[in-house]
Amino acid sequence: MSHCELEDITLHLNDRISSTRRVLELRTIAKDQDKRVILGKIGQDILAIDGLLDQFEKCVGRQKDLLKHLKELEGFFEEDVQDGKNLRDNMPTHMPRKEQPAVHGIGPVGQSGPVNVQPVQQVHPRKTSKKQIREMEFITSPEFDTIPQYMKGRLTYEQLNTAVESINTAVTGKYKILNQPAKTLNNATRKLHQRFKEEENKDTKGLFFIVEADIKEFTQMKVDKRFQSILSMLRHCQRLREQRGGGITRYVLL
């Protein structure tokens, strides 16, 4: 029912109530034989008013349900807008870039023509060394398509790779500290260094891993249900595995 129809019911209801009031006022001066007719008229009006009130109540209930649904949609839209802003402000490095057009200018002999621009040398991943920090590879589009829908929910391909980038940030932050001599660290980083060492065991030797505390320490990503869903998708894509022990869950890069 539209807003205009709701107004029409309200006006009609007010008219019925006014009509009933006038009939009640006329009853006091009516003759006895007319009072039965007046009472019948009042009964009919009351029944009509009762029907209108039922319609009005149902209409208000539907409007409340609609308002609740719209508020839920507003929350979803605000979350999507925020995700879009975060993606815009933190553009993942794996995203393809627009190719630069050929630059025209004056050649070395004074002739106009395309300038010979050297292509940007591609940076190839170096072999892992003792001091080098390993990073998780980004999820490819075909890999993302293999993730079951119940795992993905409303999470997009870009959002998943943004999470991968945050995990890499945490890994880099942690192992940069671990790769430094403890004597060169300040009090805060020395405490982190000590915690990192305490979280290691014989099964983590030579592996790169983080815990939830590292995510909180080095990134702005929330450790919530959505984070757990992201971990499930990364396990599905064989980017990490969990290792539990000593009351700690370690997320080991594969």
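This report describes aromatic ring contacts in a predicted model.

**Aromatic pairs**

A pair of aromatic rings is described by the distance of the centres and the angle of the planes. Across the whole structure, a search finds 4 aromatic pairs. Two of these are described here, including the one formed by F196 and F218. Their ring centres lie 6.5 Å apart with 35° between the planes, and the pair is classed as tilted. This pair connects distant parts of the chain: F196 belongs to helix α6 (residues 187-199) and F218 to helix α7 (residues 212-218), 22 residues apart. F196 is buried because its relative accessibility is 0%, under the 20% limit. F218, with a relative accessible area of 23%, is partly exposed.

The rings of F227 and Y251 form another pair, with centres 6.2 Å apart. Their planes meet at 85°, which is over 60°, so the arrangement is edge-to-face. Here too, distant parts of the chain are linked: F227 lies in helix α8 (residues 225-236), Y251 lies in strand β5 (residues 248-253), and 24 residues separate them. F227 is buried, with a relative accessible area of 2%. Y251 is also buried, and its relative accessible area is 4%.

**Charges over rings**

Aromatic rings also take part in contacts with charged side chains, and the table lists two cases in which the charged end of a lysine sits over a ring.

| Charged residue | Ring | Distance from ring centre |
|---|---|---|
| K152 | F144 | 4.6 Å |
| K174 | F209 | 3.5 Å |

Conventions. Residues numbered from 1 in each chain as written. Predicted model: local features only at pLDDT ≥ 70, side-chain atom pairs only at ≥ 80, totals over all residues. Heavy atoms only, no water. Phe/Tyr/Trp six-rings, centres within 6.5 Å; stacked < 30°, edge-to-face > 60°. Helix = DSSP H or I, 4+ residues; strand = E, 2+ residues; numbered from the N terminus. Buried < 20%, exposed > 50% of the residue type's maximum accessible area, 1.4 Å probe, protein only. Lys NZ or Arg CZ within 6 Å of the ring centre and 35° of its normal.
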